[in-house]
Amino acid sequence: MEPVRTVEGRAIPFGRKNIDTDVIIPAHWLKTISREGLGKGAFETIRTDPDNIFDSAEFAGSPILVAGDNFGCGSSREHAAWALLDLGIKAVIAPSFSDIFSGNAFKNGILTVVLPQEQVDRLLEVARTEPVTIDLETQTVTTPFQDRFSFEIDPFRKHCLLEGLDEVGLTLARDAQIAAYEARASTDMPWFAKGTALKDTGIPA
Amino acid sequence: MASKPTTLYEKIWNAHVVERRDDGTCLIYIDRHLVHEVTSPQAFEALRMSGRTVRRPELTLAVPDHNLPTTARLDAAGHRLPIADKESAQQLAALEQNAPQFGIRYIGATDREQGIVHVVGPEQGFSLPGATIVCGDSHTACHGGVGALAFGIGTSEVEHVLATQTLLLKQSKAMEVKVTGALGPGVTAKDLILHIIGVIGTAGGTGHVIEFRGPAFEAMSIESRLTVCNMAIEGGARAGLIAPDETTISYIKGRPYAPKGADWDKAVEWWRTLRTDAGATFDKSVTIDAATVEPTVTWGTSPEDTAPIGGTVPAPESFADPSKQEAARASLAYMGLEPGQKLSEVEVQNVFIGSCTNSRIEDLRAAAAVLKGRTKAANVKWAIVVPGSGLVKAQAEAEGLDKVFIAAGLEWREPGCSACLGMNPDKVPAGERCASTSNRNFVGRQGPGSRTHLVSPAMAAAAAVTGRLTDVRELVG
Ligand code: SF4
C-alpha cells in the first residue's frame with residue numbers, strides 16, 4: 001500500500017448524514033470481480049441529479065470527502081471503500097463513521113478523520129472554494145484561513161498508514177509465530193490440520 | 001486444578017491464540033475457511049497482484065451458492081447450461097478458476113455436494129466442534145451449531161486468512177441466552193430464535209458472542225442448532241455457540257472430512273471438555289422461558305420485528321423508544337400493514353422454503369409433513385422449495401419429499417441461496433409478500449420492493465396451504 005502522510009487538495013463538501021454503503025455503492029455493483037472501476041457506481045443514486053457535486057468539474061478527482069454523521073453505516077461491503085478509492089478519494093472527514101466502514105477504509109489505505117460537527121461545518125464552508133490539508137503525522141486538518149483542527153487516531157492505524165503497511169504484510173512478518181502455533185496444534189489438535197486433504201472424494205482439488 | 005472457570009467461547013479462543021499483543025488484540029489461528037463466489041474474487045485478485053500464495057490451501061473449501069440459478073444446471077445431454085446473468089457468470093467462473101489455481105478444493109455447480117456454504121460445511125464434516133471457522137458471509141455464525149466459533153469476515157480478511165491462516169481480532173464479550181423449559185408442540189428452533197431476537201433486539205448481542213444454553217438447545221438436533229446459531233448475527237452478535245455434546249459427536253462421526261482413527265478419539269476427548277465451566281461469568285445474560293414461545297412471524301423490516309402468529313401488527317406508538325416508533329412507521333408503510341391487523345389474516349403471494357437458516361433435511365421434512373395431501377392456495381402465485389445442498393436434495397428425493405412438494409403445487413429446485421437475497425433469478429416481485437424461511441426481512445432483500453415475513457419451514461408450508469400467515473397448529477396438531 002502507498003504510505004499516507006498528508007492528503008492535500010480540494011475536498012468535496014458533501015456533508016450529508018447517515019450515508020449508508022448502499023448509497024456509496026449500490027448493491028448491483030457487488031457482482032464485480034475486481035476492486036477497480038467501482039468509481040463509476042459510486043454515489044450512483046445521487047449522481048442521477050445532473051447538478052450533483054461528484055460530477056462537478058470543480059471537484060473532479062478531489063482527494064478528500066467531507067461527510068456527515070454516521071458515514072458508511074449499513075451493510076459491511078468493502079466495495080464502498082474501493083468505490084471511494086476509485087473516485088480518487090484518499091481521506092474522508094466526518095463527525096462519525098460506522099466501525100465497519102472505517103475498518104474497511106483503513107485496510108484500503110483511506111484515512112478517516114473524525115472531527116466535531118462545528119469543525120466539519122466549517123470545513124464544509126471553506127471547501128467550497130479552498131483546498132484542505134490533512135497531516136497525519138501531526139494529526140491536524142488545516143485550511144488556508146488558518147483553521148487548525150486536531151484529530152485522534154488509533155496509534156497502530158497511524159503507524160500502518162504512515163509506513164504504507166498492509167495488514168497481510170504485517171502478519172506475514174509473524175511467520176515464525178504462526179509456524180510455532182501450527183507445530184503445537186499439530187500435536188494437540190492434529191485433526192484440524194488435515195482439512196480437505198482428509199477426503200478422497202473425486203472432487204477435483 | 002484451580003484454574004479460573006471459563007466460558008466455552010474463551011476456551012475455543014484461548015486454544016487458537018497465536019500471539020497476544022499488549023493492547024489485547026490477538027492473532028487467532030483459523031482452522032476452517034469457506035469461500036463462495038461473491039466475496040472472494042477481489043481477495044484472490046489481491047493475492048495475485050502481490051505475488052502471495054495461500055498458506056494452507058487444505059483448510060479452505062470453495063463452493064458457489066449465492067449467484068447460482070436454482071433451475072436445472074445440465075441439459076438433457078448432460079452439458080452445463082449457461083448462466084444468463086453475465087456478471088453472475090463471471091463471478092462463478094472466477095471462483096472456478098481461482099480455487100484450483102491456489103490449490104483449494106472446489107465443489108462445482110454440478111457436483112452432488114454443492115450447496116449453500118453454511119449447509120455444506122457441517123454436512124461434509126468440514127465444520128468441527130471447537131474449530132475457528134470464517135467465511136466472507138455474515139451468516140457464518142451458523143456453524144456455532146456444531147460448537148465451532150464461527151463468524152463472517154470482509155474481503156480484506158478473506159485475503160488475510162488465505163495468505164496467513166490467521167486473523168487479528170479483539171476478543172468479544174461473552175453473552176448467555178439461557179432458555180429454560182421445553183418448546184411446545186409445533187414450536188420450532190426458528191420460532192425460538194425469532195422470539196429471542198424479538199426480546200434482545202438486533203443490537204442485543206452487539207460486541208458479544210452468544211452462547212445458547214439450556215435444555216431446549218440440548219434437546220435439539222444439530223440441524224435445529226444450526227438454525228439458531230445462523231441468526232445470532234441478526235441479534236447483533238459476532239457469533240452464536242452451542243456446546244458440543246453427544247448429539248454433536250454422533251452427527252460429525254463418519255462425515256467425509258471428519259477426523260478418523262486415533263485423531264477421532266483424541267478429538268472426541270477434547271470436544272467433551274468444551275463447555276462453560278460452572279462458576280464462569282458472562283458479561284450479559286438473558287433468560288427466556290421456552291413455554292412462552294409461540295410459532296413466531298415477523299411483521300416489519302427488521303428481524304426484531306417479531307410477534308406470535310396469534311397476535312396483531314403493533315402500533316408504532318406502542319414502542320417506548322422514539323427512534324423505534326419511527327422505524328416501525330417506516331416498516332409498516334413498506335410492508336403495507338395496518339396497526340391492529342391480525343397477523344393470521346395477512347395474505348401471502350409467495351412462499352420460499354430454503355436458505356442456510358432452513359434448508360436442511362429436517363426442515364424439508366417439517367414442511368412436507370404439513371403439505372402432504374394438501375395443495376397450495378390459489379392466491380399463492382409462486383412457491384419454491386430449495387434444498388440446501390445436493391445431498392439434502394438426494395436425501396429428500398429418497399424419502400419422496402419432492403413428490404409431496406410437487407403434488408402440493410410447489411416447485412422443487414436445485415440447491416443455492418435462491419430467494420434469500422435478490423442476487424440470482426429467484427426474486428419476490430415488488431409489493432408482494434413472501435412467507436420465507438430465510439433470515440433477513442430487510443427492505444428489498446428478496447428483490448426490490450419485496451415484503452418478507454420470516455417464518456419456520458412448517459409455518460411457510462402452512463402459509464402455502466391457506467394463502468395467508470397461519471398457525472401451523474391449526475393444520476396439524
Ligand atoms: S442463504 Fe442467504 S443468508 Fe445464507 S449464505 Fe446464502 S444469501 Fe447468505
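## The interface between chain B and chain A

How much area do chain B and chain A bury between them? In this predicted model, the two chains bury about 4,500 Å² between them, and 56% of that area lies on carbon and sulfur atoms. On the chain B side, the residues that lose the most area to chain A are Gln42(B), Arg55(B) and Arg105(B), which together account for 15% of what that side buries. The contact draws 63 residues from chain B and 44 residues from chain A.

Polar contact between chain B and chain A involves 27 residue pairs, both members being at pLDDT 80 or more. Helix H5 of chain B (residues 155-164) gives the most to the side of chain B that touches chain A, contributing seven residues. Sorted by class, that side of chain B has 29 nonpolar, 15 polar and 19 charged residues.

## Salt bridges across the interface

Eight salt bridges are found across the interface of chain B and chain A. One salt bridge pairs the side chains of Lys31(A) and Asp85(B), at 3.5 Å from N to O.

Arg174(A) forms a salt bridge with Glu19(B), with 2.2 Å between the closest N and O atoms. Arg174(A) lies in the loop between helix H6 (167-172) and helix H7 (175-188) of chain A, while Glu19(B) lies in strand E1 (residues 17-20) of chain B, so this pair joins two chains. Arg174(A) has 32% relative accessibility and therefore counts as partly exposed.

## Salt bridges within chain A

Over all chains, a search of the whole structure finds 34 salt bridges. In chain A, the side chains of Asp55(A) and Arg47(A) meet in a salt bridge at 3.1 Å, N to O. Both partners count as partly exposed: Asp55(A) has 41% relative accessibility, and Arg47(A) has 22%.

A salt bridge also joins the side chains of Glu125(A) and Arg122(A), at 4.0 Å from N to O. These two residues lie in helix H4 of chain A (residues 117-126), three residues apart, which is about one turn of the helix. An α-helix has 3.6 residues a turn, so residues three or four places apart point the same way. Glu125(A), at 47% relative accessibility, counts as partly exposed; Arg122(A), at 26%, is likewise partly exposed.

## Helix H10 of chain B

Helix H10 of chain B spans residues 261-271, and its buried residues are Asp263(B), Trp264(B), Ala267(B), Val268(B), Trp270(B) and Trp271(B). Viewed down the axis of H10(B), the buried residues fall within an arc of 160 degrees, so they line one face of the helix. On the other side of H10(B), Ala262(B) and Glu269(B) are exposed.

The cover over the buried residues of H10(B) includes elements of both chains: helix H8 (190-194) of chain A and helix H9 (246-252) of chain B.

Thr276(B) sits in the loop between H10 and strand E12 (284-289) of chain B. Its relative accessibility is 12%, below the 20% cut-off, and Thr276(B) therefore counts as buried.

The side chain of Thr276(B) reaches the backbone nitrogen of Leu8(B) at 2.8 Å and makes a polar contact with the side chain of Glu211(B) at 2.5 Å. Leaving aside residues up to four places away in sequence, Thr276(B) touches Thr6(B), Thr7(B), Leu8(B), Glu211(B), Arg213(B) and Phe282(B).

Terms used
Residues numbered from 1 in each chain as written. Chains lettered and ligands numbered in written order. Predicted model: local features only at pLDDT ≥ 70, side-chain atom pairs only at ≥ 80, totals over all residues. Heavy atoms only, no water. Contact = heavy atoms within 4.5 Å. Buried area = accessible area lost by both parts, 1.4 Å probe. Polar contact = N/O pair within 3.5 Å; in protein donor to acceptor, adjacent residues only side chain to side chain. Helix = DSSP H or I, 4+ residues; strand = E, 2+ residues; numbered from the N terminus. Nonpolar A, V, L, I, M, F, W, Y, C, P; charged D, E, K, R; others polar. Buried < 20%, exposed > 50% of the residue type's maximum accessible area, 1.4 Å probe, protein only. Arc of directions from axis to C-beta.
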